[in-house]
Amino acid sequence: MYDLIVIGGGPAGYVGAIRAAELGAKVALVERAELGGTCLNWGCIPTKALLKSAQVYHYCQTAKSFGVAVEGEVKADLKAMVARSRQVAATTGRGVEMLLKKAGVEVIVGSATLVSANEVQVGEATYEAKNILLATGASPREVPSIPIDHQFVLSSRDTLVLEELPETMVVVGSGAIGSEFAFFYASLGVKVTVVEYLPQFMPLLDAEVSAAAERSFRRLRATVMTNTAVKGVSVVDGKCVVDIEQKGEAKQLVADKVLSAVGIKSNIEGLGLDKVGVQVERDKIVVDKAFRTSVSSIFAVGDIIASPALAHIASAEAVNCVEQIMGQNPPAIDYTLTPACVFTSPEIASVGLTEEQAQKQGIEYKVARYNFASSGKAAAAGDRDGFIKLIFDAENKLRGAHIIGGNVVEMLGEPSVAMTLGATAEDLARTIHAHPSLYEGIMEAAKEVE
């Protein structure tokens, strides 16, 4: 008998399995596809590899401004970019396999079904465990008005492996997935139209950051349509015809490809949840603060529960969950400190309260800003667009940070730690920051309040 069987080998599953093994548990992990899950194989990692290729392409196009002469025509080779992206994912996947092996986690290949509160069936074999952790992740959501045919109307997975650049593309949804793909293809010269149902482009962002991001898309000659509903998509003579409604007016868009990026759905079908009595509400498994389901020996984390659907949240939940299973008492996860990133150019990094959330919650707040136009490091890099926006409460404690600019995702650690430790504007302003750097802008912004 195992101490723990983990179902799912993504950022929640493999991280949780390794942590449990570190704490002395006998662990098995069941995965039906590639180790690393969607994030590593068809999401976070390969998309960032593609976006890096787009960045290098841009560097080559603008090399003259940096004093570098590039001979001949600069061309984007999508096929080669995709091949590199797949290789990056494969290499990282082998790394996960090695980590599991090193930790002593047994990997079982196949689809798992719950047989009882302590039994899991994989193929013809049945495995028994004291506890079971469900970490099966999510898949692209399909809606009736946008039927995915994987040739003309694409999922995010399809869009990762296109072999030829289309001339035109409609991206439905401006969340992180839709925005990153829209940026990538627009950067390579594709005429992209982003259709967003909600009033705000990138609707989860602080409104000022969203507006700046939208301006950057327009500079790429991408079209952004907000307050727009997709009523249907059909394929006529090899073209996608997208019926939309914007402010009550019916319109049509015609494109070579349509990417449906309207969200994700939990991978809970076929797990046998009903059979063993695991409670589900609106395709999410119901859990308590220990991530325990309605069956005391079965736990669930990641995209299949009602928490932010982000890889780093899934990993944190898995570690917290298995530590509790193993008798430890870790601090509860504070979801108000969830960092979020969008890897367009400029990059976007955010943690904590937006200004709109502070207003809605009736929190007295102050805003401090620093524009990268004032940054020597940004000037040297040739990328002065963007800004830092910090939200402080009445006691001058940092409650939110929202940054847009070049390579700013790497800056998010400081405000995240600062908020976790309850740092004030004075703490940030009096901390010596390296010069020249982008992150010294956090110090400069804090000085406004301090």
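The model is predicted. β10 covers residues 191-195, and its pairing with β9 is parallel, over five bridges. Further along, Val172 stands opposite Val195 of β10. Between the two strands, the chain passes through helix α6, residues 176-187. This β-α-β crossover from β9 to β10 is right-handed.

Where does α6 lie? The helix lies across β9, β10 and β15. Its direction runs at about 165 degrees to β10.

β9 has another partner, strand β15, residues 257-260. This pairing is also parallel, over four bridges. Here Val171 has Leu259 of β15 as its bridge partner.

Now take the whole sheet. Five strands make up an open sheet with parallel pairing. Their order is β8-β15-β9-β10-β11. β8 (153-154) and β11 (223-225) stand at the edges. Each of these two has a single partner strand, so one side of each is left without a neighbour in the sheet.

Back to β9, and to its side chains. In a regular strand, side chains alternate between the two faces of the sheet. In β9, Thr168, Val170 and Val172 are on one side. Met169 and Val171 are on the other. Are these faces covered or open? Both are covered, and all of these residues are buried. Buried here means under 20% relative accessible area.

Note on methods. Residues numbered from 1 in each chain as written. Predicted model: local features only at pLDDT ≥ 70, side-chain atom pairs only at ≥ 80, totals over all residues. Heavy atoms only, no water. Buried < 20%, exposed > 50% of the residue type's maximum accessible area, 1.4 Å probe, protein only. Pairing = 2+ DSSP bridges. Right-handed = clockwise from strand over helix to strand, strands pointing away. Contact = heavy atoms within 4.5 Å. Axes fitted to C-alpha atoms, helices over the stretch in contact; angles between N-to-C directions.
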